[in-house]
Amino acid sequence: MTAKVHPVDERLPWPRLTTLGLQHVLVMYAGAVAVPLIVGRALKLAPEDVAFLISADLFTCGIATLIQSIGFPGVGIRLPVMMGVTFASVGPMLSIATTGDIGILGIYGAVIAAGIFGIVIAPFVSRLLPLFPPVVTGTIIMVIGISLMRVGINWAGGGLPTLTRVVDGERGAFPNPAYGQLGGLAIALFVLLAILALTRWGRGFVANVAVLLGIVAGCVLASAIGVMHFDKVAAAPWFGVVVPFHFGVPEFHLVPALTMCLVMIVVMIESLGMFLALGEMTGRHIDRAALTAGLRADGVGTLFGGIFNTFPYTSFSQNVGLVGVTGVRSRYVTAAGGVIMLALGLLPKMAAIVEAVPQVVLGGAGLVMFGMVAATGARILTAVDFRDNRFNLYVVAVSVGFGMIPQVAPNFFRNLPHALHPLLESGILLAAISAVLLNAFFNGVRSAEEAEREVAAAAAAAEHG
């Protein structure tokens with residue numbers, strides 16, 4: 001008699017496999033392309049370079065997903081996991097890029113260093129779990145969402161409120177006349193309302209891709225009134241190869257590298273929680289070796305990200321939620337999704353379409369996407385005991401306060417050593433360090449077994465990217 005195949009290892013007929021894989025891609029697509037759009041536009045890259053970032057991101061998403069889902073000796077969790085760029089890296093990367101002459105090549109050097117660091121420390125990360133109970137992870141995720149809201153709000157406003165210009169040899173900030181135009185605000189509001197309506201009255205798959213459908217509806221409206229243009233889409237080729245080091249040889253700087261390594265620890269702790277939750281959901285026992293292989297795949301994916309002109313990678317939890325919604329546990333479904341992402345990365349015209357989406361359209365969706373990240377952090381914190389343990393209130397309160405410093409007072413640390421600015425100007429990292437230290441000070445460090453149970457429970461409640 002042949003042994004029964006576990007649902008995780010089930011090979012479905014290819015038509016169903018392709019359909020279910022495409023569903024996973026659509027669920028994560030809006031979140032997957034958000035980070036290259038944020039970073040590319042913040043760095044004021046040319047539209048064609050932003051489009052290349054999107055292609056590179058989708059291409060590397062596919063590679064990282066295949067590594068994680070199919071698995072190789074010692075690498076890959078071999079569960080239905082979709083990989084994408086983590087929002088946790090956005091704040092630190094923008095701080096790195098705008099500090100001195102570091103720029104985008106400094107980002108890629110830091111990402112490569114973080115990827116190598118992740119590969120090396122993968123066997124030890126599970127031992128760090130006691131330092132990251134829900135009161136810490138919930139606080140960090142909430143600060144991530146709050147930090148990103150500024151990006152979404154400025155998108156909805158049509159760009160940055162001020163423009164930097166050089167007048168008479170001196171650089172100065174001037175009001176942006178295009179910011180806050182009523183037409184743009186109306187489009188952003190339309191997208192927001194469309195997403196809310198689809199979420200409220202949509203069912204099943206439609207509700208799961210409400211953000212993506214809202215963006216599509218916003219693009220239709222923007223095209224109809226002449227706000228969205230397709231000149232660059234028409235000029236973009238149908239096929240293009242994502243080449244390593246497209247922007248040049250990465251540059252390595254100590255503080256940015258250390259900053260991204262700290263981000264990598266936070267990202268891997270999140271992934272570890274996702275793996276534990278997914279193991280419970282799929283009925284597959286996840287031992288220490290499997291966790292190490294999954295976390296090592298995070299490091300490998302991030303290393304490939306730095307090489308192929310993109311950013312740190314982690315498991316997308318909305319896709320974990322989709323596994324629960326559909327009941328399909330086969331890892332070959334997400335592998336099919338990885339192949340689709342890989343193919344999309346080789347189609348520059350698709351990336352050009354995404355790049356052509358007006359900021360105001362993205363703004364309506366960004367308010368939802370980034371707000372949901374903050375709401376997920378708040379949801380995780382609902383499992384924290386605040387009634388009988390008042391110390392947890394101080395952990396959250398002080399850590400959120402530190403996380404807000406770069407947002408509300410950008411020059412707060414200007415008199416400290418310049419080399420520390422990439423670290424000090426990231427509210428996410430300040431909140432993470434503060435939360436870990438304060439939790440250890442007030443609550444001590446719990447056992448590894450208790451920490452695993454808490455992290456798995458918190459991950460099961462998470463719905464962020």
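**View 1. Packing of helices H10 and H18.** Helix H10 (residues 254-282) packs against helix H18 (residues 427-443) at an angle of about 60°, and their axes are 11 Å apart. Helices here are DSSP runs of H or I with at least four residues, strands are runs of E with at least two, and both are numbered from the N terminus. Axes are lines fitted to C-alpha atoms, for helices over the stretch in contact, and angles between N-to-C directions run from 0 to 180 degrees. H10 and H18 are therefore oblique to each other; angles under 35 degrees count as roughly parallel, over 145 as roughly antiparallel, 65 to 115 as roughly perpendicular and the rest as oblique. Thr 259, Leu 262, Val 263 and Val 266 of H10 meet Leu 429, Ala 432 and Ile 433 of H18, where contact means heavy atoms within 4.5 Å.

The model is predicted: local features need pLDDT of at least 70, side-chain atom pairs count only at pLDDT 80 or more, and totals for chains, interfaces and linings use all residues. Residues are numbered from 1 along each chain as its sequence is written, and side-chain values use heavy atoms, with hydrogens and water left out.

View 2. Thr 310 lies in the loop between helix H11 (288-307) and strand S4 (313-315). Thr 310 counts as buried because its relative accessibility is 0%; buried means under 20% relative accessible area, exposed over 50%, and partly exposed in between (1.4 Å probe, protein chains only). The side chains of Thr 310 and Tyr 313 are joined by a polar contact of 3.2 Å. Such a contact is a pair of N or O atoms within 3.5 Å; within protein, one must be able to donate a hydrogen and the other to accept it, and residues adjacent in sequence count only if both atoms are side-chain atoms. Leaving aside residues up to four places away in sequence, Thr 310 touches residues including Ala 56, Asp 57, Tyr 108 and Gly 305.

**View 3. Two loop residues with positive phi.** Asn 309, in the loop between H11 and S4, has a positive phi near 70°. Asn 309 counts as buried, at 1% relative accessibility. Arg 78, in the loop between helix H2 (47-70) and strand S1 (83-85), has a positive phi near 60°. Arg 78 is partly exposed, with a relative accessible area of 35%. Most residues other than glycine have a negative phi.

**View 4. Helix H14.** Helix H14 (residues 348-356) is mostly covered, with 7 of its 9 residues buried. Among these buried residues are Lys 349 and Glu 355.
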